[in-house]
Every structure is written in C-alpha cells, then in structure tokens.
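Open the model in your viewer and keep the selection panel at hand. The stops below go from aromatic rings to strands.

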Amino acid sequence: IAGPLERPTGPVVLTISGNVVHTNADGVAEFDLAMLERLQQRSATMDTPWTEKSTAFEGPLLAAVLEAAGASGALLKVKALNDYAAEVPIEDATTIETMLATRMNGEIMSVRDKGPLFLIYPFDNRPDLYNEKYFSRSVWQIKEIEVQD
C-alpha cells in the first residue's frame, strides 16, 4: 500500500510513530486489525521459548507494515502495553521475514495470550535466530513502534 493510509474503523491495535510519511492520525500511522490483515501475511508453525509445543503464528510481515506507514530509519523501538520496549534494527524487518503475529493457532491473540501483536522471527526456517539476541527483540503485547534514525 503506497500512498495515503486509510483511517482505522475498528479499535487501534498498533500505532507507528517517528519517521513515517503515511499518517492517518496526529502525525502517526494507526492500524486496526482489519488493516493489518490486508497487508502481506506470513504464517508459520514453529517452536518458540514462549510456547509449550509447536505453535502456528500468522500476521503481516513487519516490512509490509512499515511500508504501509512509509517508515524509514535505522532503529525500531518496539513498545509493549506494559511499557516494556526493545530496540530492533530495521534490518530485522527488511532482511528477515519477521512478522507481527495477530493470530496464534488460528485464533486472534488476546492481550492475555501475548496479543494483540507479537513480533515473531522466522525460527521455523532460520535456526540461527533461535538465541537470546532475537528472543529479547521478540516483544509481545505490542502497542506502538517508534521509527528512529
């Protein structure tokens, strides 16, 4: 989606702030679940440190979300509902198939189950990412991504 960003019609689940050019609210890009589900998706089943067995995740590619917002920069500050934040190099979106999972095992993720959004690395086909460095960047209960230089 290049160009203007529609306004969310449902509850806002993600706000992208900072270096974004496609905004639909006060200088930020806001997304509801339906908007995220219209972007390029990834689905994969994988083992993670946070799930007991192999789990199916699906959601938009982080790169597609950033593109929709017209984001550019070097660093993403990914913020959770509990104010936890992790710094993620933008290359993790552009060179790795990271997704903002909206569903786990086919179900929309509730806040209680790490939702509404969970940054998931492609542990299914990139075993080299299965380590503490990437685990610490795998934020759940995401509410905002701030794009920085």
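**Aromatic rings**

Start by selecting W50, F57, F118, Y121, F123, Y130, Y134, F135 and W140, which form one aromatic cluster. The model is predicted, so local features need pLDDT of at least 70 and side-chain atom pairs pLDDT 80 or more, while totals for chains, interfaces and linings use all residues. Numbering starts from 1 along each chain as its sequence is written, and side-chain values use heavy atoms, without hydrogens and water.

Rings of Phe, Tyr and Trp (its six-membered ring) pair if their centres lie within 6.5 Å; planes under 30 degrees apart are stacked, over 60 edge-to-face, the rest tilted. By this rule there are 11 aromatic pairs. One of them is W50 with F123, tilted, with 6.3 Å between centres and 40° between planes. The two residues are 73 apart in the chain: W50 is in the loop between strand 3 (41-46) and strand 4 (55-60), F123 in the loop between strand 10 (118-120) and helix 4 (132-135). Helices (H or I, at least four residues) and strands (E, at least two) are DSSP runs, numbered from the N terminus.

Colour by relative accessible area: buried is under 20%, exposed over 50%, partly exposed in between (1.4 Å probe, protein chains only). W50 counts as partly exposed because its value is 22%; F123, at 7%, counts as buried.

**Strand 1**

Next select residues 12-18, strand 1, where five of the seven residues are buried. Strands pair if DSSP finds at least two bridges between them. Strand 2 (residues 29-32) runs antiparallel to strand 1, joined by four bridges; V12 has D32 as its bridge partner there. Strand 11 (residues 142-148) pairs with strand 1 in the parallel sense, also over four bridges, and G18 stands opposite V147.
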